[in-house]
Structures are given as C-alpha cells and as structure tokens.
Amino acid sequence: MAFPIKVCSICSEEFELKPDKPGFANRCPECSVEEAAPPATKPAKDSLQRKSESEANEARRQAMRDLLYRKDS
C-alpha cells in the first residue's frame, strides 16, 4: 500500500504522509521539528501591581457572590 504524496507547505518538497508521523500533516519531517524556542517567563511584578490585582480579584469575587446568592425581594 502506497502512502499519499504531499507537498510541504514550508519548503515545497514532496514527502510521503505516513501514519504516526510526528508533526503537521502538511509539513515534511524536517520542517515538522519544532524550533528550540526560549521559554517564556512572566515579567516580575512589583508589590503595587500585585496589590491592585488582588483588590480587583476580590471585587470580582464579591460581585459574583452578590449575583449568585442574592435573595429575591
């Protein structure tokens, strides 16, 4: 049984699309290898940013509590 012949969307080379091929179906095995990306790190937050986020989160929680558990008058 022959495998379907595909054309790589990156380098335009033909390749056989085999079952259990790692990567994308429209890329050849060489182009499917992921580039080594530097790990994304979160920027450090100062105490003022953390406090404002904490206050905003508390206000959101309070608003949700009020909406969910309010008594109908």
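The model is predicted, so local features need pLDDT of at least 70 and side-chain atom pairs count only at pLDDT 80 or more, while totals for chains, interfaces and linings use all residues. Residues are numbered from 1 along each chain as its sequence is written, and side-chain values use heavy atoms, with hydrogens and water left out.

**Fold**
- The protein contains 2 helices and 2 strands, taken as DSSP runs numbered from the N terminus (helices: H or I, at least four residues; strands: E, at least two).
- Along the sequence, these elements follow the pattern β-β-α-α.
- Of the contacts (heavy atoms within 4.5 Å) with a separation of 6 or more, 0% are between residues 24 or more positions apart.

- Of the 73 residues, 8% are buried (under 20% relative accessible area; exposed is over 50%, partly exposed in between; 1.4 Å probe, protein chains only).
- The protein exposes about 7000 Å², with 55% supplied by carbon and sulfur atoms (Shrake-Rupley method, 1.4 Å probe).

**Helix 2**
- Arg61 lies in helix 2, which spans residues 47-69.
- Arg61 counts as partly exposed because its relative accessibility is 43%.
- The side chains of Arg61 and Glu58 are joined by a polar contact of 3.1 Å (a pair of N or O atoms within 3.5 Å; within protein, one must be able to donate a hydrogen and the other to accept it, and residues adjacent in sequence count only if both atoms are side-chain atoms).
- Met64 is also found in helix 2, and its relative accessible area of 46% makes it partly exposed.
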